[in-house]
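Trainee: I am new to this structure. Please take me through one part of it closely, the charged side chains and their partners.

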Amino acid sequence: MARSANAPAGLLYAGLEAADAGRIAARLEELKIPVNARGDGSILVPAEQVARLRMQLAAEGLPQQGGAGYELLDQASPMQMTSFMQRVQRLRALEGELARTIITMRGIRAARVHIVLPERESFSRDAPPPTASITVTTHGNQRLGAAQASAIRLLVAGAVPRLQQEDVSVVDPTGVVLAADGAAGAAAGRIGEMRVAQEQALQKAVLDLLEPIVGRGKVRAVASVEIEGARIVARAETFDPLGQVERGRQVQGEQETSEDGRGQAPVTVGQNLPNQQVNNNSSRSASSSQRNNETINYEISSKIEETTREPGAVKRVSVAVVVDGLTDAAGVAQTRPKDELDRLAMLVRSAVGFSQARGDIVTVDTLRFLPEEGPGTLASVDGAGTSLGTTEFALLGGGALLLGGSSLFMMRRRRSRRAAEQAAAEAAAAAAAAAAAQAEAMDDAIATVGQDIQIRLSSLNALHEIIDSRPEEALAVVRTWIEEGAQA
């Protein structure tokens with residue numbers, strides 16, 4: 001049996017997982033490429049298209065497996081590997097398994113993991129801590145968020161012994177640092193996200209509180225939050241002199257005695273003769289002294305406090321609230337009373353967690369909001385530069401629409417059926433009657449638009465009423481226009 005020239009004979013991939021093989025086979029079938037998927041994970045395609053298909057599938061993120069994993073340990077016999085090769089194979093397998101897990105997350109197309117496991121140096125008790133670096137590639141123009149980057153760091157730190165989460169860095173192929181250990185750029189990004197989230201939360205809280213009171217769309221709030229970006233550690237030690245405790249007592253006593261003799265008689269021969277009385281005119285003196293010492297040691301009570309402030313603490317909150325002014329019965333704008341603004345300010349302070357010790361600022365003021373204009377602009381009617389309001393703008397838009405509809409109606413009317421002529425006659429009559437009725441009720445602002453626009457608007461309203469009341473006849477007219485246009 002002869003083989004076709006386009007029969008799958010070239011090996012596109014081998015050893016794929018079932019999920020990856022299925023995705024690639026389905027994609028090749030969508031591209032109308034002959035494919036032969038085997039049970040061992042091999043995919044065969046025409047040999048002349050192997051290189052092109054590999055590049056095309058790689059651009060689409062296929063296959064999605066993150067490289068070889070623990071199957072590396074099965075490819076070589078342990079008897080043929082040195083201890084160094086075994087460590088390298090184990091590290092490669094761990095990196096591959098982590099990459100496979102990371103690309104299963106939503107939005108991630110590819111990932112590479114680099115792990116450093118330092119060995120203990122000679123004459124050293126401890127080994128340096130391990131570190132890891134991860135590069136992730138997302139689908140399309142998606143951007144990996146801070147939550148996903150933190151999840152990746154937690155995943156890798158939990159899979160490697162002694163690896164801390166702050167020692168894992170996550171970057172994208174463009175060089176943007178998504179998460180790093182204390183890097184200024186990453187820390188600034190996290191602080192910025194926290195600041196934006198808290199500002200949005202405060203603005204929403206103020207709007208939810210005041211809009212039911214002053215009306216929807218009549219209040220604007222802007223919040224500014226200052227976030228502490230540095231990690232602060234403060235230590236304080238205080239002593240209490242009144243809280244004395246006796247720690248030790250020492251008693252020492254001393255006693256001293258002395259004797260002094262003066263004027264002793266000289267030694268002579270007569271003193272040795274019997275029955276001789278010797279005059280002893282000598283005098284003696286004695287003295288004694290005693291001293292006692294007592295030493296007492298006291299322990300003064302002390303207290304040591306250590307306060308740690310992590311990055312992300314709120315330093316100050318500033319909130320500015322503007323409330324739309326009031327309008328009296330005559331249509332004149334007026335400011336809101338001061339007591340009402342004070343009550344609103346108290347509500348805002350309670351809603352945002354106002355702290356005077358922190359230096360927070362809350363400002364509530366009333367101003368007149370400008371009316372919202374519709375899409376587009378319109379020149380002034382008079383030379384004084386008075387702009388048209390919303391009502392006049394709507395009338396002009398309706399008049400322009402009526403003008404176009406009337407023109408199309410006049411072009412198609414001659415070629416329409418009898419029902420179209422009858423509908424046109426009734427529309428003209430109703431338009432004249434409606435124009436006469438609405439001309440009397442128009443105010444001064446509508447009158448500036450012009451009598452021609454008023455008549456056309458009235459005719460458009462009348463035409464709408466006819467279409468609503470006689471939908472079948474109007475539908476027949478439209479079908480006639482379509483058929484005649486196709487024949488022309």
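Mentor: Start with glutamate 30. This residue is exposed, because its relative accessible area is 54% and the cut-off for exposed is over 50%. Its side chain meets that of arginine 27 in a salt bridge, 3.0 Å from N to O. Arginine 27 is partly exposed, at 23% relative accessible area. Why can these two meet? Both sit in helix α1, residues 18-30, and they are three residues apart, so about one helical turn separates them.

Keep in mind that this is a predicted model. The mean pLDDT of the protein is 75. Of its residues, 69% reach 70 or more.

Now go to helix α6, residues 338-352. Here aspartate 342 and lysine 338 form a salt bridge, 3.1 Å from N to O. They are four residues apart, again about one turn of the helix. Their exposure can be read from the percentages. Lysine 338 has 60% relative accessibility, so it counts as exposed. Aspartate 342 has 37%, so it counts as partly exposed.

Glutamate 306 and arginine 235 meet in a salt bridge, with 3.5 Å from N to O. Glutamate 306 belongs to strand β10, residues 283-309, and arginine 235 to strand β9, residues 232-262. The pair therefore ties together parts that are 71 residues apart in sequence. Both glutamate 306 and arginine 235 are exposed.

These pairs are among the 16 salt bridges counted in the model.

Next, look at a charged residue without such a partner. Arginine 153 is in helix α4, residues 146-159. This arginine is buried, yet it has no salt bridge. Glutamate 166 is the nearest side chain of opposite charge, and it is 5.9 Å away. What does the side chain of arginine 153 have beside it, then, from glutamate 166? It has the backbone oxygen of glutamate 166, which lies 3.4 Å from a polar atom of the arginine 153 side chain.

One stretch calls for caution. Over residues 376-417, pLDDT stays under 50. The model does have 54 contacts for that stretch beyond four places in sequence. Still, where pLDDT is low, the predicted coordinates should not be read in detail.

Definitions and conventions. Residues numbered from 1 in each chain as written. Predicted model: local features only at pLDDT ≥ 70, side-chain atom pairs only at ≥ 80, totals over all residues. Heavy atoms only, no water. pLDDT = per-residue confidence, 0-100. Contact = heavy atoms within 4.5 Å. Helix = DSSP H or I, 4+ residues; strand = E, 2+ residues; numbered from the N terminus. Buried < 20%, exposed > 50% of the residue type's maximum accessible area, 1.4 Å probe, protein only. Lys, Arg positive; Asp, Glu negative; His and termini not counted. Salt bridge = Lys/Arg side-chain N within 4 Å of Asp/Glu carboxyl O. Polar contact = N/O pair within 3.5 Å; in protein donor to acceptor, adjacent residues only side chain to side chain.
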